[in-house]
Amino acid sequence: MKTTLLLTAFLVIVVAPAALARVKLVALPERARVVVSLTHPDATLIEEERIIALQKGVNKVDFSWRGVNIDGTSIQIRALTNPDKVIVLNTSYPPNENALIWEINSPAAQEERVRISYLLTGLTRDIVYKAIAEPDEKSLALRNYLRLRNESGEDLTEAELGIGYGAAFKKSIAHEEVLEMLSERIDSLPIRKLLTWDAATLPWDPEYEKKTVGIPLSYVITNSASSKLGRHTLLPGKVRIFIKTREQPVRDGEAPGDGVAFTGEDWAQLTPVDREMKLYIGQSRDVKVTQRRTKDERLNIRRNNSQQEVVWDKDEVYKIEIENFKKTIVDLVVVEHVPGYWKMVENSHTKEFRKKDAFTFEYHLALPAESTGTKKTTVTFELNRLNVQGNNELSTY
Amino acid sequence: MRPFKTVRDNAAAWVLLGLFVALPAGARINVVTLPGRDSVQLTIYNSADITLVKETRALTFRKGLNKLEFSWANTLIDPTSVEFKPLTHADAVDLLDVSFPPRVSNTLEWRIQSDFAGEVIVEIRYFTSGIGWDAGYVAEAARDEKAMTLAGSVRVTNHSGEDYENAQIRLVVGVIRLVEDILALAQQGQVAAQAGMPAATPAPVLMRAAKEESRTRMLGVDALMADKQKEIIKEGVSEYFLYTVEGRDTIPNGWAKRLPSFKTPEVPITSYYKFERERWNDQVMRYYRFTNSEPSKLGREPLPDGDVKAFRFITDDSLYAFVGRSAVKYIPVNESVEMELGADREVIVKPTLMNWNKTDLSFDNNGNVKGWTTRETWEFEVQNSKDIDVMLDIRRNFSGDWSLVTDAVYDKVDANKVKFVFPLKSREQRKFAYELTVKHGTNATR
């Protein structure tokens with residue numbers, strides 16, 4: 001599967017009545033420039049420039065490829081030196097060959113810089129993030145890498161690689177080579193560390209669990225100028241997060257060295273400017289959440305003539321007790337789900353309350369350090385669920 | 001099913017044989033050298049696999065009965081379509097009948113009564129399968145995506161088994177009806193029985209097809225090699241549009257050729273984005289909108305359906321970014337069209353149902369619920385993260401007895417669909433909301 005991109009230019013001066021075999025001349029002009037655009041998620045665009053010697057009149061330029069996965073219908077040629085005078089007359093496609101022939105008219109014998117563009121498959125890119133968090137987990141150093149995988153069959157030399165933002169890289173990448181390069185580095189990027197306890201997915205009463213319940217832990221990065229970002233959409237990719245540690249000094253009496261420990265990884269979602277990237281990297285077991293329904297009564301029960309219950313209301317009270325065993329303040333989000341038509345009657349934490357949608361609300365709590373036992377945080381809320389029916393029809397959204 | 005390969009490997013051979021038979025039959029046979037085609041015209045359709053071939057040849061007739069054999073091995077000609085017509089001395093030349101001889105495939109024989117002796121120009125017309133054409137477009141959008149250069153081309157592909165040399169090429173944009181496949185008719189090789197079709201005429205006296213291997217013409221021997229782009233002349237005919245490629249062209253069997261059709265700079269476009277959950281879930285789809293009209297520098301003729309590849313210039317030296325590829329529908333003059341270019345993740349539409357309630361319960365005589373009303377508050381967060389301004393089109397589908405209350409401007413598309421259309425500046429974020437009330441059961445009044 002060795003690359004053979006052939007570009008030959010030759011002049012047909014005499015129109016012979018006899019059939020001519022298609023001649024490929026060996027004198028290939030070298031590529032003068034290669035630009036690779038990786039901005040589109042599904043297709044890689046190559047633009048290459050070559051200087052071809054055109055004769056006056058109609059020239060045939062032969063472009064063929066082997067072992068390279070080019071979308072033949074995408075190939076275009078544009079004259080750069082004399083775009084108004086050097087005209088592509090037509091394109092012919094021979095049978096059973098990866099080739100085409102351009103007929104190009106030139107008003108004079110001259111060298112012409114042409115740009116040939118095509119879509120290539122097999123040259124793919126991954127975005128890889130590596131982050132090292134400070135021990136206080138308030139900021140991290142982010143490194144954004146572009147990892148190119150070339151399985152296109154094509155060796156690219158001194159190619160200008162663009163991913164849609166930032167300056168282009170000039171790199172060479174051979175067929176079957178994987179090349180990773182640093183595309184962006186941001187130091188002291190502020191982050192928020194967040195625990196998320198979701199009532200729909202986590203057990204309500206840890207006492208009944210055989211293992212300590214782990215609460216999902218996330219780092220939240222905002223793609224905004226205030227976070228030293230916000231210049232472009234953050235592309236999806238794997239994020240590996242490390243945290244700085246202090247290592248034992250090499251020798252007694254020396255200063256302790258710097259090291260890192262791995263704290264977890266996640267797939268970053270595409271994050272446009274001003275939006276948050278939430279990275280779920282592990283679990284915390286130093287926060288304990290116990291939720292109980294302390295009241296569950298039906299009111300206003302309406303029966304039909306057969307004495308079947310048709311419609312009723314409900315009065316429900318919930319109590320959430322939260323203990324933080326850590327020596328630091330912990331940010332915790334408690335997520336509650338209430339389907340149907342409901343109204344909040346009592347709420348102990350209105351300031352921390354956030355309605356997310358019709359059937360979801362959250363408490364955004366800052367748990368004091370070591371708030372355990374009598375110092376634990378207790379959230380209570382009472383809600384009325386209204387017009388509950390035996391056959392609830394919630395299918396309208 | 002690609003019968004073309006075998007066809008191609010055996011070089012196409014077909015023969016027109018003029019035989020001059022003086023009565024009584026068999027007494028004297030004159031076989032003359034086959035005259036070459038004087039001209040050939042291909043009228044190629046793109047809605048069906050059919051091409052009308054018209055060729056003229058000069059034949060020398062004798063007075064009396066002339067038999068003419070026409071054979072077409074290794075091509076995809078529909079035998080039921082072959083027609084003969086004298087162009088000169090038409091009054092003196094009379095086609096008596098046509099015979100498809102038994103046990104001989106791909107051959108027919110015309111019996112022609114001529115009152116004239118000498119050269120007659122005849123036209124032979126038939127359908128062939130295996131030649132097609134399609135349109136292609138390249139859209140080059142300006143950096144701000146407010147205008148584009150639209151270049152159209154036509155690509156003719158020949159898999160018919162025959163090299164049509166120096167042919168005049170005409171392309172038909174339009175939809176025709178065929179009740180039988182030309183390819184199937186061609187592959188039967190012989191005229192198949194068909195209601196209303198007369199039985200085959202008796203065997204001709206004698207015939208032998210002298211096959212001549214036609215030379216496979218390679219590209220580069222076009223008799224006319226123009227030094228400018230060939231103009232494609234466009235004219236309307238009935239419900240069709242006819243594109244005639246200037247001059248002559250040779251497209252050997254197995255080859256394809258692309259010819260530029262037009263190139264129009266500064267065509268105004270709108271960068272248009274659509275959101276409709278029922279069609280694309282949470283994706284926002286990207287379109288270039290333009291009008292095939294004279295104010296848009298187009299509009300001289302309808303644009304045939306075809307594939308389009310869209311690029312955007314991203315640097316001062318005209319480097320491209322690939323925007324997307326899609327198929328465009330046939331575009332009549334003055335029609336506005338959209339090129340769908342795939343999902344774009346830099347325009348975000350996030351609908352959230354913020355409130356839901358159910359009220360106004362009513363009960364039937366048995367005490368069961370027979371009617372109720374739901375009220376939904378939806379909040380929409382929209383964001384344009386791109387460096388260009390765009391238009392956004394959000395569509396929502398409702399059902400039943402619904403009504404909408406909102407400060408946002410919307411249009412009713414039909415009884416159950418509304419759209420919110422508004423411009424979004426580069427990097428703009430905005431919110432809007434509506435309240436949807438739906439009356440269910442006996443609460444519904446419509």
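## A four-stranded sheet in chain B

Four strands of chain B form an open sheet in the order β22-β23-β28-β25, and the pairing is antiparallel. Here strands are DSSP runs of E with at least two residues, numbered from the N terminus, and two strands pair if DSSP finds at least two bridges between them. At the edges stand β22 (347–363) and β25 (401–406) of chain B; each has a single partner strand, so one side of each is left without a neighbour in the sheet. Direction ignored, neighbouring strands are turned by 20° against each other on average, using axes that are lines fitted to C-alpha atoms.

Let's look at one pair. β22(B) runs antiparallel to strand β23 (residues 369–384) of chain B, and 14 bridges join them. Which residue in β23(B) is the bridge partner of B:Trp356? That partner is B:Glu376.

## How to read this model

This is a predicted model, in which local features need pLDDT of at least 70 and side-chain atom pairs count only at pLDDT 80 or more, while totals for chains, interfaces and linings use all residues. Residues are numbered from 1 along each chain as its sequence is written, and chains are lettered from A and ligands numbered from 1 in the order in which they are written.

## A six-stranded sheet in chain A

Chain A has an open sheet of six strands, ordered β5-β8-β3-β2-β11-β12, with mixed pairing. Its edge strands, β5 (76–79) and β12 (169–173) of chain A, each pair on one side only. From one strand to the next, the twist averages 30°.

In chain A, β5(A) pairs with strand β8 (residues 110–120) in the antiparallel sense over four bridges. Opposite A:Gln76 you will find A:Ser117 in β8(A).

Chain B has three helices and 28 strands, where helices are DSSP runs of H or I with at least four residues. Of its 446 residues, 37% count as buried, meaning that 20 or more other C-beta atoms, placed from the backbone, lie within 10 Å of a residue's own.

A nonpolar core is a set of buried Ala, Val, Leu, Ile, Met, Phe, Trp, Tyr and Cys residues joined through C-beta atoms within 7 Å. The largest has 110 residues, of which B:Ile44, B:Ala139, B:Tyr288 and B:Ala310 touch the most other members. Apart from it lies another core of 32 residues, including A:Ala133 and A:Ile320.

Technical notes:
A residue is buried if 20 or more other C-beta atoms lie within 10 Å of its own, exposed if 12 or fewer, and partly exposed in between; C-beta atoms are placed from the backbone. Axes are lines fitted to C-alpha atoms, for helices over the stretch in contact, and angles run from 0 to 180 degrees between N-to-C directions.
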